[in-house]
Amino acid sequence: MFVRQTNRSSKSNLYTLPSPILGLNQKDSLEQLQETEAVQMDNYYPSDNFVELRKGYVSYALLNEHIETLVQYKKSGNNRFLAFGGKEAFDITNPNEIHAFEKNYLNAQFQYAQFKDRLILVNGRDTPQSFYVNESAENVLEDAAFTGENLIPEKLINVSVSKKRLFFVEKGSLNAWYSQNVGEIQGNLIKMDLSTIFRKGGELMAVASWTQDGGAGIDDLTVFLSSEGEVLVYSGSNPSSADDWALKGSYLISPLLGYRSILEYQGDLVLLTQEGFLPLSKALPLNQANTSLVAFSDKIRKTILQRTRENANKKGWEALLYPRGGFALFNVPNALQYEQYVINTQSGAWCRFCDIYALSWSIFEGRLYFGSKSGVYLFDEGYTDNGQEIKGVIKQGASLFGTRQIKRVQLLNIKTKSFTTYSLNLTLETDFSEGKTYQFKEVGNKPRTKWNSPWNSPWSSLSQKVNSKWIPCSALGGRIGVCFETRTKGNSIKWLETSFRYEKGEGLLSC
């Protein structure tokens, strides 16, 4: 009979494991995961040198309506911030002086585009709306003056700008409508019947301008996307002229996830589809398609496929770029909740934000906002979720510590930075099996008031210090993984690295 026995040397070894700055990887097997990747990363954001607990949100405008559309109107010196919920529209530019427009909408989910000084909004049920600020700095929200042969304006459900013209989508059809003349913000629309071009039927979902060179120019293409995943790409600038409008190609991709499924980024179009978040330049075999600078959803494809199977027809699919935070955010319905998949646009690292019930998102003057059940909230502000604690979970990829030998971990030192103390649950996993959980109620240094600052000053504790302390533990295995779980309110936490003291097994003995 042979018994395996590990002969451990008495020599202590040190291994320092960086925090999982490469973010989520739900594509590869557990054995293939890099040690700086994560199986789970909830409410932590992967920066370049550490992972950081996301900031919270605060109430901005209490409106007592489900806010399904947020939109920024831009005009020098007269920017406006509009919210649509229930049957109402609101100017929430100044949250202390909210103005409600006298409207009676049938649908609060608008698609919109700003062209020149007009914001055009459509929803497929109400008369298209036009918003602008007049010369007296007064808000004007009125019915848009569009006409056209056999046009039913209430059926227009999507809008975009391409080649200095407004393009509209007619709900439940394969018809697009475009401005008769360049630069018009109202007037006659001309119908473009695409039913003979699209081969798989369905309905038109969106029209977009595809800017190949990163700016607006003569090489821009106009793209039409259907509910069946067909894509028509046109060159030229005048759909009414056979000499200045030509079909470059017809392609098939995965279907879009609703009318808000396009994110414009650095000359490319990122599409929210049933198979993931896809850059058009990688989907279509055009010679001039550039290599997109965005890292896309390949590493989280498994989760996105599951969400689309269950929630493809639900409202809430939306994406936007948040330059101030350095990330792009994808809003994803999940059962009766919402979650946000977030990508660091420089590193391509993914994470997930949870516990944010967001029906819509928008940028206003550089800040990020979301519409929820009862109003609008300012995100990336403060260190609580409107007064509630923020819960974060990271399950890091297992590490071999540079050797496949058996290790016995005896001490660990998890290095973090924080404003004040926080609660931490730390679980060591060995060979992908969950091990012992260590609970710590007060990790970090207690805040101290700075000299000559008031005792109740909000700045008295906002000095982050490195928390470093060796903790006795016990784990035996070939691969060691860390699960990092925090609960905190009014605190910022950065996870820098984890150091381990361990002994190596020297081999197998028989007896």
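Author: Begin with pairing: two strands pair if DSSP finds at least two bridges between them. Strands are DSSP runs of E with at least two residues, helices are runs of H or I with at least four residues, and both are numbered from the N terminus. This is a predicted model, in which local features need pLDDT of at least 70, side-chain atom pairs count only at pLDDT 80 or more, and totals for chains, interfaces and linings use all residues. Residues are numbered from 1 along each chain as its sequence is written, and side-chain values use heavy atoms, with hydrogens and water left out.

Reader: Which residue of strand 8 does Leu70 stand opposite?

Author: Strands of a sheet pair through backbone hydrogen bonds, either parallel or antiparallel. Here Leu70 stands opposite Ala83 in strand 8.

Reader: How many residues lie between the strands in each hairpin?

Author: Strand 7 and strand 8 have 6 residues between them, and Gly77 in that turn has a positive phi of about 80 degrees. The hairpin of strand 8 and strand 9 has 2 residues between its strands, and there Gly86 takes a positive phi near 60 degrees.

Reader: Are the faces of strand 8 covered or open?

Author: In a regular strand the side chains alternate between the two faces of the sheet. Buried means under 20% relative accessible area, exposed over 50%, and partly exposed in between, using a 1.4 Å probe and protein chains only. In strand 8 (residues 80-85), 6 of the 6 residues are buried. Arg80, Leu82 and Phe84 are buried on one side, as are Phe81, Ala83 and Gly85 on the other.

Reader: What is the strand order in the open sheet of 4 strands?

Author: The order is 6-33-32-31, with antiparallel pairing. Strand 6 (57-62) and strand 31 (360-364) are the edge strands, each pairing on one side only. Within this sheet, strand 32 (residues 367-371) and strand 33 (residues 375-379) share 3 bridges, and Phe370 stands opposite Tyr377.

Reader: Which residues other than glycine have a positive phi?

Author: Most residues other than glycine have a negative phi, and most peptide bonds are trans. Ala335 has a positive phi of about 55 degrees, and Phe401 has a positive phi near 55 degrees. Ala335 lies in the loop between strand 28 (327-334) and strand 29 (337-344); Phe401 is in the loop between strand 34 (390-396) and strand 35 (407-418).

Reader: Why is Ala335 called partly exposed, and why is Phe401 called buried?

Author: Ala335 is partly exposed because its relative accessible area is 48%. Phe401 is buried because its value is 4%.

Reader: What is Pro239 in contact with?

Author: Contact means heavy atoms within 4.5 Å. Leaving aside neighbours within four places in sequence, Pro239 is in contact with Arg165, Phe167, Tyr178, Met192 and Trp245. Pro239 lies in the loop between strand 22 (230-236) and strand 23 (245-252). At 14% relative accessibility, Pro239 counts as buried.

Reader: And the chain as a whole?

Author: The protein chain has 2 helices and 41 strands. Of its 511 residues, 52% are buried. Among contacts between residues at least 6 apart in sequence, 61% join residues at least 24 apart. The C-alpha atoms fill a box of roughly 90 × 60 × 35 Å along the principal axes.
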